[in-house]
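Hi there,

Here is the structure I promised to pass on to you. Have a look at it first, and then read on for what I found.

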Amino acid sequence: MKRLPLALIGALFLIAPARADTPWELVKSYPHDPAAFTEGLFFHDGALYESTGLAGRSEIRKVRLKDGRVLQRRTLARPYFGEGIAHWKDRIVSLTWQHERGFVWTLGDFSPVSTFRYQGEGWGLTQDGRSLIMSDGSAQLRFLDPDTLREERRITVTWNGRPVDRLNELEWVRGEVWANIWYDTRIARIDPRTGGVIDWIDIAPLLKDAGARDSEAVANGIAYDAAGDRLFVTGKNWPKLFEIRVER
């Protein structure tokens, strides 16, 4: 998921892009740790929670929004490569990339609680108040029981009847699943009942504004502050996190 041959990168960019119709505007930018290889992001109780990847450097962090300061962290042991995270009640659930193992931590101090297993790769994770929703790099989203962490069902994400794969970081926003697409600047707005893409949001200008030039520094990270109706987006190794306003 995270390191792609250059020839394949070029092939991905030759794929005809879907039209992006959802307008947005930039509200504000905030500092973001440029060393953070962002894999998961959510907003809770006034703070950002972030999961970073790369074996030996993977962490779960609590981050202060205004200045990007890391307030609390938990490092994942080797060989785990950290992926998506979501909160459920007083816990944080986190995925790993290729080890088919997830972790449960306390939300308060990141103490380990338990582990769980799943088949295939772990990419993004969010929750809708009833289920945890997981991506695995394909066009499918898995719905997990948040208490047992067992898979209950899947949907296939499609656009004009064609599967949309490389679904990456996820966020639940106003009754929709929003997904970064790996190696793409578009965010898919997904109907959680049917899997159909409702529309696209293209944040390409923010990639340029972030000043991220490395091929691995892709857009990845969506967080929604439901109480304040605020949306935050960032990317891997981006030195900025952006608040944007998206038309309903």
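Let's begin with Pro 79, which sits in the loop between S5 and strand S6 (82–88). Please keep in mind throughout that this is a predicted model. The bond between Arg 78 and Pro 79 is a cis peptide bond, with omega at about 10°. For background, most peptide bonds are trans, and most residues other than glycine have a negative phi.

Lys 89 is in the loop between S6 and strand S7 (91–96). Phi of Lys 89 is near 55°, a positive value although the residue is not glycine. Phe 110, found in the loop between S8 and strand S9 (112–117), also has a positive phi, near 65°, and is likewise not a glycine. Phe 110 has a relative accessibility of 1%, so it counts as buried, the cut-off being under 20%.

Now for the chain as a whole. The protein chain has 2 helices and 22 strands. Its radius of gyration is 16 Å, close to the 18 Å that the globule rule gives for 248 residues, so the chain is as compact as a globular protein of that length. Along the principal axes, the C-alpha atoms fill a box of roughly 45 × 40 × 40 Å. Of the 248 residues, 56% count as buried. The accessible surface comes to about 11,100 Å², and carbon and sulfur atoms make up 49% of it. If you take contacts with a separation of 6 or more, 50% of them are between residues 24 or more positions apart. As for charges, there are 35 positive and 34 negative ones, and their mean positions are 3 Å apart.

His 32 is in the loop between strand S1 (24–31) and strand S2 (38–44). With 8% relative accessibility, His 32 counts as buried. What lies 2.5 Å from a polar atom of its side chain? That is the backbone oxygen of Trp 238. Beyond residues up to four places away in sequence, His 32 touches several others, including Thr 38, Glu 50, Thr 234, Trp 238 and Leu 241.

Leu 65 belongs to the loop between strand S4 (59–63) and strand S5 (70–75). Its relative accessibility is 11%, so Leu 65 is buried too. The C-alpha atoms of Leu 65 and Leu 48 are 6.3 Å apart, although the two are 17 residues apart along the chain. Leaving aside neighbours within four places in sequence, the contacts of Leu 65 are Tyr 30, Phe 43, Leu 48, Arg 230, Phe 232 and Leu 241.

Phe 103 is part of strand S8 (residues 101–106). Its relative accessible area is 12%, so Phe 103 is buried. The C-alpha atoms of Phe 103 and Ile 92, 11 residues apart along the chain, are separated by 8.2 Å. Ile 92 is also one of the contacts of Phe 103 outside four places in sequence; among the others are Leu 76, Tyr 80, Val 93, Ser 114 and Phe 116.

Happy exploring, and write back with any questions!

Best wishes

Technical notes:
Residues are numbered from 1 along each chain as its sequence is written. This is a predicted model: local features need pLDDT of at least 70, side-chain atom pairs count only at pLDDT 80 or more; totals for chains, interfaces and linings use all residues. Side-chain values use heavy atoms; hydrogens and water are left out. Helices (H or I, at least four residues) and strands (E, at least two) are DSSP runs, numbered from the N terminus. The radius of gyration is taken over C-alpha atoms; the globule rule is 2.2 Å times the number of residues to the power 0.38. Buried means under 20% relative accessible area, exposed over 50%, partly exposed in between (1.4 Å probe, protein chains only). Contact means heavy atoms within 4.5 Å. Accessible areas come from the Shrake-Rupley method with a 1.4 Å probe; for residues, only the protein chains shown count as cover. Lys and Arg count as positive and Asp and Glu as negative; His and the chain ends are not counted. The place of a charge is taken as NZ of Lys, CZ of Arg, CG of Asp or CD of Glu. A polar contact is a pair of N or O atoms within 3.5 Å; within protein, one must be able to donate a hydrogen and the other to accept it, and residues adjacent in sequence count only if both atoms are side-chain atoms.
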